[in-house]
Structures are given as C-alpha cells and as structure tokens.
Amino acid sequence: MGRVKLPIGPQHPALKEPENFTITLDGERVVDVDIRIGYTHRGIEKLMESRTYTQNLYLVERICGICSYAHVENFTQNVEEILGLQIPKRAEYIRTLFLELERLHSHFLWLGVAGHEIGFDTLFMYTWQDREVVQDLLEMISGNRVNYAMNAIGGVRRDVSQEHRKKVLEGMDYLEKRAAYYKEVAINEKTILARAENVGILKPKDALRLAAVGPTARASGVTVDIRKDDPYASYLDTPFEVITTNTNDVLGRVVVRVLEVFESIKIIRYLMEHLPEGEILMKAPRKVPEGESISHTEAPRGEDFHYLRSNGTEKPERYKVRTPTLANLPAVAEMLKETYLADVPIIIAAIDPCMGCMDRVLLVKDGEEKPGEIIDAEQLRRYSIKWYEERGWKA
Amino acid sequence: MTTTEELILEVLKDLPVQMKRNHRLFLTIPRGDLIKTMNILSSELAIQHLSTITARDTGNELEILYHFFLKGVMITIRTTCPKDDPTIESIVKVFPSAILYEREIHDILGIVPAGHPDLRRLILPDEWVGGYPLRKDWKQPAEQEAEE
C-alpha cells in the first residue's frame, strides 16, 4: 500500500484553538505530521490596542472558555506590575483560589474527554458530573460558571464569605473521594491501560528540545511548573508538590493530571484555612505609564504567556498572548510519529487541546491534492474504537 | 537575586543586560549578533525553553523579542530591524521550538526569518492579501472602504 495523506481538522468554531493535522500514512502507520492552525483567529491582540484597560479585562477573559481565568490573571498582573501596585493579600488568596478551582474543573473535564475518545463513556459521565461541584462553587462566589469576571486592576471584585469557605471545604472533601476513585481507575483499569500505556511517546529530551509545557512536559519527567519556578499570586506561601511521571506516554499524562487534582485540593484547603483579613480591592489609575511587562502563569494546560507594552495612555501599545496549546503542537507532531492511526485521537486529546481539530477528516491518496473520502471526527473516533475491539480490547 | 540570575549575569557580563525586576532580564542586541547570542544562550547557559517570540511595530522599525525561561528567570533578547528591510536570521537551527513562533511573526508583521525551513502562513488564511494586521498603519477592510 502506498503512502496516504490524511488531513485531520480544521475546526469547530466554538473552541479556542482549532488545528489541522495532515497525517501521512504508510498503511496504518503514521509517517509524518503537518500542523496548520488559525481557523478561528479572532484578532484579539489587534483589538486590544483599540480598547481601554478596563474593557480589555473582559476581552482577555474570552480568549479561552475553559482556562479563561489564567488569561485574566496574566493581564491584571502585567498592568499591576507597570502601575507598581501591590494588591492586598486577601485578593491574592482569592485569585489563587480561582486559579486552582479552574484547574480542578479543567482536569475533570479533560479526564472525561479522554475517556470518551477511547470509548470509555462511563468515565466521561462520572467526571463531568463531579465537575459540576466545582462549577457550582465558582458560580456561588463569582456568579458565573465560566468567565468569572472576578479580577479588577488592583484586586478582585467579589469577596469570599464564611459561608462560601464552608461550602468550598465541603466540596473539596467530596472531590477528594472522587479523585481517589479516579486514581484507582487510571492505574488499574485495563480499559485505560490497553489504550494509554506506551502510546504517544514523548522522550524527556524531546520534551525539552521542543519546549513542551504543562502536564505534557511533566509526564515526560520534566520538572517544570511556573507556580514553583516563578511564583505569582500566593503560590509562594502555599505548600504543594510538582507532579511528574517518567512513563513518557498517554498513561503518564492521565496520571499527572489525576495526581494534580489532589495537589489543587490541598492548595484550596490551605487557602481557605489561612485566608487573610482585609481589603480585596485598591484604586488603580486608568492611564498606565510607559513600560513593559511579562507575566506567565501555569494554566491547566501549561505555561500561558502574556506580554504587555504600555505607552502612557489608557490603551495598550501592544499585547501578546501565547497559549499553552500552541507551545505543545511541535511535541504532538513528535508523539504521533510511528504510531497507528487508531491512536491519533487519544494522543491529540492527551495534550488537552480543543477537540475542534477532529471535526473534519479528508482522505487524499498518495499525496495527490485530490480529495478522496471525507469522514468526520466522530467516524475517526469510532474507527479507533473498532480497530481496538477487533484486537480483543473491550470498553 | 537568585543564583540563576547571578550565573546568567556572569556568562553575559560583556553584554548590556538590564534587570527590570527579580526574574526578569532584558538584553538589547543588534540584529547581526542574533545567532551569536543565541549560541551563547544555548551552549553556555544550556537554555532550551523558548517561551515565545513577540514582535511589534515601533514606527520606522520592527522590534523582535525572544523570551527564554531558565530556572525561574525570564530572559528577553531584544533586537530590531528596519521596516524597509525586515529580515532577521532564523533561530530554528539553535532553538527548534521557534519554528511556529517565527511563522507567526512572519505572518502578522511581515518579518522574514532568513533560513527558516517552512514559512507558510500560520494564523491568517492562505489566500490572505490584506497586508500585515499588527502593523500600526494597517486598517481594517471596513475602515479602508470608508476612506475611499
């Protein structure tokens, strides 16, 4: 059988970073991968130059629908650094609470998506039900399930009451029990092991060379976590461990995220028990003096990088955002080499990108630019489950 | 100052490194020295993590910032190129992770990284003919029509 080029993607308009993977196949083996992105480019960086800092606060939050808070945290940190504001301690703790609640809901969401990709839909139902607990806590404090609008330049907009603290701690007790169950499942369940072990290998040297970030890098044994390396918000005060594994495969990426859930719960408990008294917001000027600032945070998917250049007016001169999925794309191309087509959905899912990239699949024969058969993501997912079932694997 | 910062300042002692705050170092170099500086970062400091590349329009020039991250310290290398000759050396040979970031600055600001293996568009559509959106003189098609 000759080589076949298989473009996967590009997009689903509701998601943040659709991609197109053109996969060259030799039989069922992946030989080469090409990445094409930009299908829902919204021009946010350009738009920010024509909006005030207050308006941008809400625009930045809409870069992503899942890790929206990591973006707004970066933006406020950048503006506050140039203004020279040292925000109240209580505000820092509340921001950290939101960063960790966001990580919790994102990791639960991811675990469900990964389960769905390999045809293990029970796991999907369980984790998404548990994720609702986090969503309810977010809504209770901020009024919103997503895009919490918690931050202002100089602090946070809403306080955490005694009642909230009690509810958050109760929620953590429940989630800890559930996470313990998922840990058992991830390590022992044959359904997962058969599909995740030794699949999508990313060697430590490649993770470093290709500058992979977040759980993707940590599952290859690279100890990198911006919360520890370059502490922001209240991470310097907060005890937690950086989780790494050295299996370099999809299973490692599952294990890292499940164990990180425990660390997030630990952090949230610490924050709720040590929440300092005091103000939550200080007054900030509308105009930002000339300057530049870099802020990066450990978003659920990895390092989220923001750069601000201000010019003394109330609008930014230049604002740059680099999201973790973009940083992980070269690593995905590396992971996909020499794997089976049937493993492609779970390998791509394992970096936790938007799933939009799997929307449309187009078959091109022997590198001719003539479209062959068009299948969609759902068909590819089913193909992958069937392929494994024929080889004795059962969901 | 952390030990990492001391180490970096020692290695780069002949260069005009500016420390903006803890964990943030900036270094401005002429574009001719780009590869030389990248080699120093790669071989003498063993830096591997390129966070991203930022570029911006400063009027007559284009400014390019390479953001590296080493053990908690963000090191930014700043260089410029004139708008009428927007070429710089590609750093992909030294830092393979620059491949997408260089495509991005080429796409949105028209900076040409010489020696880049694959300069297709990254963000804008393949059939885009509307210029470089992140340059300051760029106007949205609707604004342009209104002027004409």
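Before the details, a word on conventions: residues are numbered from 1 along each chain as its sequence is written, while chains are lettered from A and ligands numbered from 1 in the order in which they are written. As the model is predicted, local features need pLDDT of at least 70 and side-chain atom pairs count only at pLDDT 80 or more, whereas totals for chains, interfaces and linings use all residues.

Let me start with chain A, which has 14 helices and 10 strands, where helices (H or I, at least four residues) and strands (E, at least two) are DSSP runs numbered from the N terminus. Of its 395 residues, 50% count as buried; here a residue is buried if 20 or more other C-beta atoms lie within 10 Å of its own, exposed if 12 or fewer, and partly exposed in between, with C-beta atoms placed from the backbone. Among the contacts in chain A with a separation of 6 or more, 69% join residues 24 or more positions apart, a contact being two residues whose C-beta atoms, placed from the backbone, lie within 7 Å.

The domain assignment of chain A gives domain 1 (3-40 + 334-389) and domain 2 (44-322), with bounds that come from an automatic or database domain assignment. The centres of these two domains, taken over C-alpha atoms, are separated by 28 Å, and their contact takes 16 residues from domain 1 and 21 residues from domain 2 of chain A. On the domain 1 side, helix H12 (324-336), helix H13 (344-349) and helix H14 (377-389) of chain A each supply at least two residues, and H13(A) gives the most, with four residues. By class, that side has 10 nonpolar, one polar and five charged residues, where Ala, Val, Leu, Ile, Met, Phe, Trp, Tyr, Cys and Pro count as nonpolar, Asp, Glu, Lys and Arg as charged, and the others, Gly among them, as polar.

Of its 132 residues, A:Ala212, A:Val254, A:Ile346, A:Ile347 and B:Ile64 touch the most other members. Its largest share, 12 residues, comes from helix H4 (residues 89-117) of chain A, and the core draws at least three residues from each of domain 1 and domain 2 of chain A. Leaving aside residues up to four places away in sequence, A:Ile346 touches several residues, including A:Ala114, A:Arg195 and A:Val250.

Two backbone details in chain A deserve a moment. Most residues other than glycine have a negative phi. A:Asn248, in the loop between helix H10 (226-229) and helix H11 (250-273) of chain A, has a positive phi of about 60°.

Turning to chain B, five strands form an open sheet in the order S1-S2-S5-S4-S3, with mixed pairing; two strands pair if DSSP finds at least two bridges between them. Strand S1 (17-21) and S3 of chain B are the edge strands, each pairing on one side only. Strand S2 (residues 24-28) of chain B and S5(B) pair in the parallel sense over five bridges, whereas S4(B) and S5(B) pair in the antiparallel sense over 10 bridges. S4(B) is mostly covered, with seven of its 10 residues buried.

Which side of chain B touches chain A? Strand S3 (50-57), strand S5 (73-82) and helix H3 (99-109) of chain B each supply at least two residues of that side, in a contact that takes 23 residues from chain B and 24 residues from chain A. S3(B) gives the most, with five residues, and the residues of this side divide into 10 nonpolar, 10 polar and three charged.

How values were computed
A nonpolar core is a set of buried Ala, Val, Leu, Ile, Met, Phe, Trp, Tyr and Cys residues joined through C-beta atoms within 7 Å.
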